[in-house]
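Biologist: Could you walk me through this structure, step by step? I am new to it.

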Amino acid sequence: MAHDVLTRAGVAAAAPARAPRRRSGQWAAWGFLAPVVIYLAAFYAYPLYRNLDLSLRHYTVRSFVQGGAPFSGLDNYRAVVDNPTFWPAFLHTIVFTGVSLIFQFTIGMALAVFFAQNFRLSVVLRALFLVPWLLPLIVSASTWSWLLNSDSGVVNALLRALGIDPVNWLTSPSWALTSVIIANIWIGIPFNLVVLYSGLQAIPADLHEAASLDGATGWQRFWRVTFPLLRPVSAITLLLGLVYTLKVFDIIWIMTKGGPTDSSTTFATWSYRLSFGNLLPQFGPGAAVGNLLIVMALVFGLLYIRVQRRTMP
Amino acid sequence: MKTAAGLLLTAIMLFPVYWMINVSFTRDTDMRHDPPYLFPVHGTLEGYRAVVHQQLPYLGTSLLIGLGTVALTLAISAPAGYSLAKLRPRGGGTLAFVLLMAQMIPGIIMAMGFYAIYLRLGVLNTAPGLVLADSTIAVPFGVLIFTAFMAGIPPELTAAATVDGAGTFRTFWSVVLPVSRNAIVTVSLFAFLWAWSDFVFATTLDGGGARQPITLGIYHYIGNNNQQWNAIMATAVIASVPATLLLVLAQRYVAAGVTAGAVKD
């Protein structure tokens, strides 16, 4: 649904005007655009520029407030890459994003196919599935913190009832990353469900009927008919999911603060911790990590737009 | 049969939400009971009493910031959508592209830039500063929704206004805006929800403020009194009310806004 709107907006804005453009018309058009252009410059471009500037200078708390920090080139980036946290954080970012996406997408796809069968109550139940997506992240994250609490959490109570040893979900270095991934998958399923469901609706029903007549089983119909036809929508869902998951900060920070001992630290939480998490803020390195994250997001963002352009009729 | 399976799947998916509500009614003394009570057997309202006593100012601030964000988002994105959809400015495609890319920038990086700027300007820990930052989440979305919706308004409608002697602004204000009600509602709902749910900007830009939003209220709760989980979950339940309302209203308005061809013919 979301990408439909984006596509349509893109088409509307990019369509060449048929009527010759009059000069006065151009003035009016840009007059209406002036607020958003000024806004983008002041509240998008300028913060991003400040962030870039932060990462290229050697800041202390004093020079952060008063200005005049010396230019230091790529020193901050070098310091960040040499930091012992860099490779673990990089790995966690990849694992967090990759594993979340695989599960969100698979479960979302299965649910979309299930709900596409249109049974009684299917519309209501599908709407209820949106709840995790709409809740404030702090609500979801704190609820999961309590569900996964080592001593009093209901998940461990269930494990005990099944005779399995309880797990220190949030306090053991070997489980913290898994815990935040589980919570993130839960939050991401609705988005995948909604987009894939709207993709399924666009597939003509007679294709399925034809396949059934040819003797295809349900499973074959999915792999041979549905899945290939859904490939463009799947690509967009995955890429958007990728961009959203790369920047996840709230859930991890609220549940584990990236700990214990960096075991669930990603670029997003590391960047925040460097800038705001210590008594002595390290704005330069924090901004440097943030900019590395932007580069990752933008690469995939450009890929998203390429795929979208290509799949547009 | 399928309905039963659907009910079961929905129950599993929504179990964490149920648990949040269950815990919000649980007595402090039962909180660490083993095994945990599956229902609030000795139901209590002490969690909600704590919310009323301690969290009301946070809720008020969030409401104010949400409304401010909606106003700012509409004021900037509606005219831009009109221009992109109807006035066909040179370079409009590039602007739409920039807006798409803007949505990809991680909030935490925007927050750092804003922090550096706000510190110099002295608007850290103020409500207007937070409104401005929160609106950056919604403005690109708003422009894209308005553009898609207004592109579906029949050209005859705006042409008729021009024939009647209305200028571009009159046409926008008296003809295009009134028929764009569904897009206005959709953008408002999402702008409000995102501002209400925002944690990243709140914790970086308003961490030391006198007036803080509800997301920080919950965050302080988790940090300070780790024992009072019924109060934490009660706050979480109340913080989820706008999302629930949105789900009920969105059924109509989001669909209406997304199906931008509603005004055709």
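This is a predicted model: local features need pLDDT of at least 70, side-chain atom pairs count only at pLDDT 80 or more; totals for chains, interfaces and linings use all residues.

Biologist: Thanks! How many helices and strands are there in chain A?

Modeller: Helices (H or I, at least four residues) and strands (E, at least two) are DSSP runs, numbered from the N terminus. The C-alpha atoms of chain A fill a box of roughly 75 × 75 × 30 Å along the principal axes. Within chain A, the count is 16 helices and zero strands.

Biologist: Where in chain A is confidence highest?

Modeller: The score to look at is pLDDT, the predictor's confidence in each residue, from 0 to 100. Chain A averages 84, and 91% of its residues score at least 70. Residues 1-7 of chain A stay under 50, and confidence is lowest in α1(A), at a mean of 49. The highest mean, 93, belongs to helix α5 (residues 86-115) of chain A.

Biologist: Which helix of chain A gives the most to the side that touches chain B?

Modeller: Two residues are in contact if their C-beta atoms, placed from the backbone, lie within 7 Å. By that rule, 78 residues of chain A are in contact with 81 residues of chain B. Several helices of chain A each supply at least two residues to this side, including α1 (2-14), α2 (23-55) and α16 (283-311). With 19 residues, the one that gives the most is α2(A).

Biologist: How do the residues on that side of chain A divide into nonpolar, polar and charged?

Modeller: Ala, Val, Leu, Ile, Met, Phe, Trp, Tyr, Cys and Pro count as nonpolar, Asp, Glu, Lys and Arg as charged, and the others, Gly among them, as polar. On the side of chain A that touches chain B, the division is 56 nonpolar, 14 polar and eight charged.

Biologist: Is A:V36 buried or exposed?

Modeller: A:V36 is found in helix α2 of chain A. Leaving aside its neighbours within four places in sequence, A:V36 is in contact with B:I76, B:S77, B:A80 and B:V143. A residue is buried if 20 or more other C-beta atoms lie within 10 Å of its own, exposed if 12 or fewer, and partly exposed in between, with C-beta atoms placed from the backbone. A:V36 has 24 such atoms within 10 Å, so A:V36 is buried.

Biologist: Are α11(A) and α12(A) parallel or oblique to each other?

Modeller: Axes are lines fitted to C-alpha atoms, for helices over the stretch in contact, with angles from 0 to 180 degrees between N-to-C directions. The axes of α11 (residues 205-213) and α12 (residues 218-229) of chain A come within 10 Å and cross at roughly 135°. Angles under 35 degrees count as roughly parallel, over 145 as roughly antiparallel, 65 to 115 as roughly perpendicular and the rest as oblique. The two helices, α11(A) and α12(A), are therefore oblique.

Biologist: What is the phi of A:K257?

Modeller: Most residues other than glycine have a negative phi. A:K257 lies in the loop between α14 (250-255) and α15 of chain A, and counts as partly exposed, with 16 C-beta neighbours inside 10 Å. Although A:K257 is not a glycine, its phi is positive, at about 55°.

Key: Residues are numbered from 1 along each chain as its sequence is written. Chains are lettered from A and ligands numbered from 1 in the order in which they are written.
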